[in-house]
Each structure stands twice: as C-alpha cells, then as structure tokens.
Amino acid sequence: MSASIVHLTEGSFDEVINAADRPVLVDFWADWCGPCRQIAPILDEISAEKADSIQIAKVDVEANGGLAIRFGVKSIPMMLLFKDGEIAHSMIGARNKEQLLSDLAPYL
Amino acid sequence: MTNDSTSTSPGSPELRKVVIIGSGPAGLTAAIYCSRANLSPVLIEGEPSSTSDQPGGQLMLTTEVENYPGFPDGIMGPELMAGFRKQAQRFGTEIITAKVSRVDFSERPFKVWVGPSEGDPTYLAESVIVSTGAQALMLGLDSEQRLLGHGFSTCATCDGFFFRGQDVAVVGGGDSALEEAMFLSRFASSVTVIHRRDELRASKIMQDRALANEKLTFLWNTVVEDILGESSVEALRVRDVNTDEVRDLPFAGVFVAIGHRPNTDLFKGQLDLKDNGYLVTQPSSSRTNVEGVFAAGDVQDDWYRQAITAAGSGCMAAIDAERWLETQGG
C-alpha cells in the first residue's frame with residue numbers, strides 16, 4: 001500500500017473516496033491556517049505508520065471551495081473520516097497525535 | 001527536525017539546567033539565548049489543541065504582523081513563529097510537543113511533569129522559565145461550545161474564509177477585535193462590531209482604519225446574551241445596556257475578541273499571582289517570588305502584551321536564569 005497522502009479536488013473527491021479500500025481521513029486545510037500547519041506533520045506520520053489501515057487525504061479549501069460548501073466546513077482544521085464512502089466521524093480543531101489516534105481508533 | 005520529540009522516555013527523571021514552559025515569542029527567545037549560553041534547555045511547547053494549548057503562541061492565530069521590527073512589509077504570524085522555533089533548534093534547544101501537567105516549585109531541583117501528573121516527574125530542573133502566555137476569553141455561554149466550529153469561531157484568520165458573502169459579527173472593542181473585523185471584511189458582505197461601551201479601546205491607527213472601512217458597522221453599548229441556532233449560528237441575541245432592549249440579529253458567523261486570561265492555573269499556590277491571575281515578577285526583572293523560577297511574556301504582562309515585549313522579556317529571563325545559575329555554582 002502506498003503511504004502517500006493524496007490531495008483531493010472537486011474532480012477527484014468522489015472517485016477516490018468511493019474506490020478506497022481503507023477508511024479515508026480527509027483533512028480540510030488552508031495555507032493561512034496556523035493550527036492546520038501544526039497538524040500537518042502529525043498526519044504525515046500517521047500516513048507513514050498506519051498505511052495499511054488508513055488513507056490520509058487533504059482538501060485545500062481555498063482551491064476547492066465547492067467541497068468546503070458541500071461538507072459545511074466553517075472552521076479548519078476539520079477532519080472527516082470516510083468509511084465505505086460514508087462519513088463515519090468528524091472532528092473540528094487541532095489535536096495531538098495521541099488524541100487523534102484515539103479518536104480514530106474505533107473506526108479503523 | 002532532530003530535536004523534535006512528541007514523547008519522553010520513561011524511567012528516572014532527567015536533570016536539566018533550564019526547563020522552559022511555553023513556546024510563544026517569550027519562550028522561544030529564552031530558548032535561543034539559553035541554548036547559545038550552553039545551558040541545553042528543554043522547551044515544552046504544549047499540545048496542538050483548539051481549546052487549551054497553542055504551541056507557537058497567540059501569533060499562530062493571526063495573519064499579518066505589521067509591528068514586529070525587521071519585517072518592513074509585515075510577516076505572517078505562523079511564519080514568524082516558525083522562524084523563532086527554527087532559530088531555537090539551530091542552537092540545540094530540545095523541543096517537546098506535549099503538555100506540562102504539574103509542577104512542584106517547593107524545593108530544588110524543581111519538578112516538572114509532562115503527561116501523567118502521578119509518579120516520578122519527567123524533569124528535575126535547576127531553573128524554570130515560565131512563558132505559558134495568555135489565551136482568548138470566551139463569552140461563557142453554553143451555546144458557544146455547541147456552535148464552536150459551526151459559525152462560532154475563536155480564529156478569524158482560520159475561519160473567515162468560510163463566510164464569503166455572509167453577514168458576521170465580532171464581539172469586542174480592542175485592537176484584536178478590530179483586526180479580526182477588518183480581516184473578516186475581506187470575505188464577509190458585512191461585519192458588525194458589537195461593543196459593550198460607547199468608545200473603542202483599540203489604538204488610534206486601528207480605529208482610524210476600522211472607521212474608514214465601509215463594510216464595518218458598530219453596535220455600541222451592546223452585550224451578547226446568547227448565540228442562536230441549532231446546528232449552526234443563525235442569530236445573536238443582544239441587549240442594549242442603556243435601555244435593556246433585547247433583540248435578535250441574524251448573523252452567519254460570530255467571532256469573539258473580548259480580552260485574555262493568563263495561563264497560570266498550573267502555578268496557583270506556588271507562584272505569586274496578581275488579583276487578575278497574571279504572575280508577579282519583580283520590577284525590571286523576570287524573577288518570580290521563587291528563587292530560580294523566572295517568568296516572561298504575556299503570562300506576567302497584563303499591560304503591553306506585544307510579541308516584541310514578550311520576546312524582550314524572554315531574553316531577560318534567559319539572562320536572569322544564566323546569571324542565577326552561575327551564582328549557584330552551576
């Protein structure tokens with residue numbers, strides 16, 4: 001399995017989510033969001049360490065405003081966990097690695 | 001990133017010359033000075049969290065910083081703090097991304113717990129620099145927690161983008177309220193500044209800019225009674241403090257900038273606090289009432305509260321700690 005993080009766009013979003021063989025954690029982020037920058041390295045680590053059980057994906061909300069509207073994003077960082085194409089869990093705000101892993105654990 | 005760590009090794013506590021708690025301009029400046037003085041500091045920067053700690057400090061939640069000397073065209077807050085952090089690491093500061101759960105300043109060496117507050121401390125410290133800063137106050141309404149991230153926001157720079165073409169409100173009348181209001185005016189169709197007095201506390205330059213901004217309107221002598229909306233913000237219930245008239249005003253977003261409280265809960269009963277909760281330092285120094293414990297930045301400053309004054313006091317704390325350690329034969 002590839003450990004790489006995928007960057008989703010309005011064009012690729014549904015295809016990637018529906019084709020995924022693992023749960024997909026989608027991080028809605030933007031360059032100007034300080035807390036988003038803090039969780040970026042944490043997501044890199046999780047992506048590398050948990051490649052078999054989770055796919056990490058990112059949506060740049062500035063470039064993909066339609067996705068932000070579609071999912072009602074009003075605050076970032078916001079992370080949505082998709083399982084079998086459906087939203088299984090949603091999280092608003094930054095958190096540390098330990099907490100993020102324990103928030104995700106029930107769904108993996 | 002060799003000096004990064006998110007965990008600490010179990011076992012016996014590690015003895016350090018200097019432990020720095022907090023990672024805003026004060027803590028990181030102290031770290032730069034301490035590491036250049038060969039004191040091998042460890043800096044505990046806190047955990048990324050939207051509700052309590054804010055590694056990098058309050059500048060992580062701002063956009064352009066226009067008053068930090070050396071950046072004539074301004075610099076983004078998170079970028080400035082990334083630079084501080086990198087500079088501290090360059091000279092060997094060890095940075096721990098975790099939360100201090102407990103301190104014991106009753107005897108030397110001081111004890112600092114990271115993670116569980118039971119059992120052996122994580123660090124024994126010959127000296128400690130406290131630079132835990134301050135955090136934004138909320139209104140204290142139940143609806144705030146329910147609607148946080150759903151139209152109620154504590155970070156205009158993170159969330160303003162999502163209110164393009166909508167009507168938003170900013171509660172407060174100081175510099176940060178006006179900064180948020182002007183930032184939001186780039187996206188929102190209107191920004192209403194709700195202030196409980198009939199004049200602003202903000203600096204003259206900010207007031208001039210705000211009053212000239214056509215998207216901003218001001219609601220004076222008004223307090224927020226509640227934030228209305230089930231799944232997202234729909235309106236604010238406001239009260240005129242002179243007439244007691246209550247009305248509901250429709251807004252899609254609400255941002256709060258009503259002041260700060262110092263992050264001193266960890267030190268209650270151990271360090272002297274002022275009535276307003278800020279740490280007491282001795283005049284023209286960073287010394288607290290406990291010899292060997294120094295304080296810098298907003299945690300001990302209820303007056304200036306600037307990035308540059310925080311950085312300056314972080315430098316003072318590092319030099320005070322270094323000189324004090326010398327007198328201890330360290």
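Which residue forms a salt bridge with B:Glu225? Hold that thought. First, a caution: this is a predicted model.

Now the answer. B:Glu225 pairs with B:Arg239, and their closest N and O atoms are 3.2 Å apart. The two sit in distant parts of the chain, 14 residues apart. B:Glu225 lies in strand S15 of chain B, residues 222–228. B:Arg239 lies in strand S16 of chain B, residues 235–240. How covered are they? B:Glu225 has 34% relative accessibility, so it counts as partly exposed. B:Arg239 is partly exposed too, at 23%.

Strand S16 of chain B also holds B:Arg237. B:Arg237 forms a salt bridge with B:Asp248, at 2.8 Å between the closest N and O atoms. B:Asp248 is in strand S17 of chain B, residues 246–250, and the pair is 11 residues apart. B:Asp248 is partly exposed at 39%. B:Arg237 is partly exposed at 32%.

Over all chains, the count comes to 21 salt bridges. A:Asp21 and A:Arg22 meet at 3.2 Å, N to O. Here the partners contrast. A:Asp21 has a relative accessible area of 58%, so it is exposed. A:Arg22 is at 13%, so it is buried. Then there is a network of salt bridges that links A:Glu45, A:Glu49 and A:Lys97.

Stay with chain A and look at the sheet. It is open, with five strands in the order S1-S3-S2-S4-S5 and mixed pairing.

A:Leu25 has A:Ile56 in S3(A) as its bridge partner. Helix H4 of chain A, residues 97–104, packs on the sheet. H4 touches S2, S4 and S5 of chain A, and its direction makes about 155° with that of S5(A).

Last stop: strand S9 of chain B, residues 123–130. Six of its eight residues are buried. Strand S2 of chain B runs parallel to S9(B), joined by seven bridges. B:Val19 stands opposite B:Val128 there. Strand S8 of chain B runs antiparallel to S9(B), with three bridges. B:Lys111 stands opposite B:Leu124. S20 of chain B pairs with S9(B) in the parallel sense, over three bridges.

Technical notes
Residues are numbered from 1 along each chain as its sequence is written. Chains are lettered from A and ligands numbered from 1 in the order in which they are written. This is a predicted model: local features need pLDDT of at least 70, side-chain atom pairs count only at pLDDT 80 or more; totals for chains, interfaces and linings use all residues. Side-chain values use heavy atoms; hydrogens and water are left out. Two strands pair if DSSP finds at least two bridges between them. Helices (H or I, at least four residues) and strands (E, at least two) are DSSP runs, numbered from the N terminus. Contact means heavy atoms within 4.5 Å. Axes are lines fitted to C-alpha atoms, for helices over the stretch in contact, and angles run from 0 to 180 degrees between N-to-C directions. Buried means under 20% relative accessible area, exposed over 50%, partly exposed in between (1.4 Å probe, protein chains only). A salt bridge is a side-chain nitrogen of Lys or Arg within 4 Å of a carboxyl oxygen of Asp or Glu.
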